[in-house]
Amino acid sequence: MSRPAPRAGRYRRPLPPIGRYALRVGAVAAALGLWQLLTGLDVDLWLRFSQFPTVTDVAHAFADRLSGADYWTDLTDSLTRIVTGFLLAAVLGVAVGVLVARSRLAEDLLGPILEVVRPIPAIALVPVAILLFPSNEQGIVFITFTAAFFPVLVSTRHAVRALTPVWEEAVLTMGGGRWRILGSVVLPGALPGIFGGLSVGIGVSWICVISAEMISGQYGVGYRTWQDYTIVNYPGVFVGMVTIGVLGWLTSTTVELLGRRLTRWLPRTSYVPGTRPTAPRAPARPVPAAVRTDQPSGTEEARDEHLV
């Protein structure tokens, strides 16, 4: 008599894409509804929601800001600063990271300097940027560049050092040189780590560019948000905060999508969000005929024939 198959565990089925998007929209709507409720009722338990503007106040301020030219000027200036500083950080961060990871001389010369400067917050370099650069615009781009440079540098360095030497030896065996190794082994193999650093760097860049605009900027989302705070225009402050969050999300998503497109050759995990990964079942071992209970016992000659 054969054993019954083990009962499989119950796992929740993953939601279809439209269901996941509806869930996300519902979560945002619930958060906005809670915000409107707490501020509309002037709830003051421990957190003082009576000081907050309501969702409708922020929406009206947002609509008024969209109809003016200053909002789009600030948006363009902040995006220009972010794109310029981030692209410079991406190019130089990858180049220096590969150089430090591949060359002992470069590591000895640049490593100590980079490790001393790296813990310094980029926003703390605002006085240096004011003294060093002739214009505030160049200083803000420098702050943005510094904020993104070190995450890209560190991630690139670790990704290159983690590569297996077998790939490089294979290229050398086929007659390839240093540039061939760099183009076909080092950079493709380090791409996942590089884009991890780029994703972190773009977020840190937004934090620092907004702070730099608040301190020394003349235009930009950070500058306008700080001006609204100084004139006690709290709905305008929240308009700036929402704008910063949406811009940061869009730029970070763009970097991640670009990374996925450039690393399509990598094997992807089969994990689906919302489900539990199931361990592959081991193939059932065939039961030897000599121990099967559903066969009638034969003579000694039949056993010998089966064993042969």
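Me: Contact means heavy atoms within 4.5 Å. Going by that, which residues does Leu114 touch, not counting those up to four places away in sequence?

Reply: This is a predicted model, by the way. In it, Leu114 touches Val96, Val100, Phe149, Phe150 and Leu153, with residues up to four places away in sequence left out. Leu114 also turns up among the residues with the most contacts inside the largest nonpolar core, along with Ile143, Phe149, Leu198 and Trp206.

Me: What makes that a nonpolar core, and how many residues does the largest one have?

Reply: The set qualifies because its members are buried residues of the Ala, Val, Leu, Ile, Met, Phe, Trp, Tyr and Cys kinds, joined through side-chain atoms within 4.5 Å. The largest such core has 52 residues. In soluble globular proteins, nonpolar side chains tend to be buried together.

Me: Which elements give two or more residues to this core, and where does the largest share come from?

Reply: The elements that give two or more are H2 (55-66), H3 (69-102), H5 (126-132), H6 (136-161), H8 and H10. H8 supplies the largest share, 14 residues.

Me: What is the overall make-up of the protein chain in helices and strands?

Reply: There are 11 helices and 0 strands, so read from the N terminus the elements are α-α-α-α-α-α-α-α-α-α-α. Of the 308 residues in the chain, 31% are buried. Contacts in the chain with a separation of 6 or more come from residues 24 or more positions apart in 70% of cases.

Me: Back to H8. How is H8 oriented against H10, and what makes you call it that?

Reply: Helix H8 (residues 178-216) and helix H10 (residues 234-262) pack at about 165°, with their axes 10 Å apart. An angle over 145 degrees counts as roughly antiparallel, so H8 is roughly antiparallel to H10. Their crossing is right-handed.

Me: Which residues make the contact of H8 and H10?

Reply: On the H8 side they are Leu191, Phe195, Leu198, Ser199, Ile202, Trp206 and Ile210. H10 brings Ile244, Leu247, Gly248, Thr251, Ser252, Val255, Glu256, Leu258, Gly259 and Leu262. By class, that is 11 nonpolar, 5 polar and 1 charged residues. Leu198 and Trp206, both in this contact, are also among the core residues with the most contacts.

Me: Which residues make the contact of H8 and H9?

Reply: Ile210, Glu213 and Met214 of H8 meet Val221, Gly222, Tyr223, Thr225 and Trp226 of H9. That contact has 5 nonpolar, 2 polar and 1 charged residues.

Me: Now the loops. Does Thr54 count as buried or exposed, and how do you know?

Reply: Its relative accessibility is 12%, and buried means under 20%, so Thr54 counts as buried. Thr54 is found in the loop between helix H1 (17-40) and H2. Leaving out residues up to four places away in sequence, Thr54 touches Gln36, Thr39 and Gly40. Gln36 is 18 residues away along the chain, with the two C-alpha atoms 5.5 Å apart.

Me: What about Asp42, buried or exposed or in between?

Reply: Asp42 sits in the loop between H1 and H2 as well. Its 46% lies between the 20% and 50% cut-offs, so Asp42 is partly exposed. Asp42 is not a glycine, yet has a positive phi of about 55°.

Conventions: Residues are numbered from 1 along each chain as its sequence is written. This is a predicted model: local features need pLDDT of at least 70, side-chain atom pairs count only at pLDDT 80 or more; totals for chains, interfaces and linings use all residues. Side-chain values use heavy atoms; hydrogens and water are left out. Axes are lines fitted to C-alpha atoms, for helices over the stretch in contact, and angles run from 0 to 180 degrees between N-to-C directions. Helices (H or I, at least four residues) and strands (E, at least two) are DSSP runs, numbered from the N terminus. Angles under 35 degrees count as roughly parallel, over 145 as roughly antiparallel, 65 to 115 as roughly perpendicular and the rest as oblique. A crossing is left-handed if the near helix is turned anticlockwise from the far one by less than a right angle, and right-handed if clockwise. Ala, Val, Leu, Ile, Met, Phe, Trp, Tyr, Cys and Pro count as nonpolar, Asp, Glu, Lys and Arg as charged, and the others, Gly among them, as polar. Buried means under 20% relative accessible area, exposed over 50%, partly exposed in between (1.4 Å probe, protein chains only).
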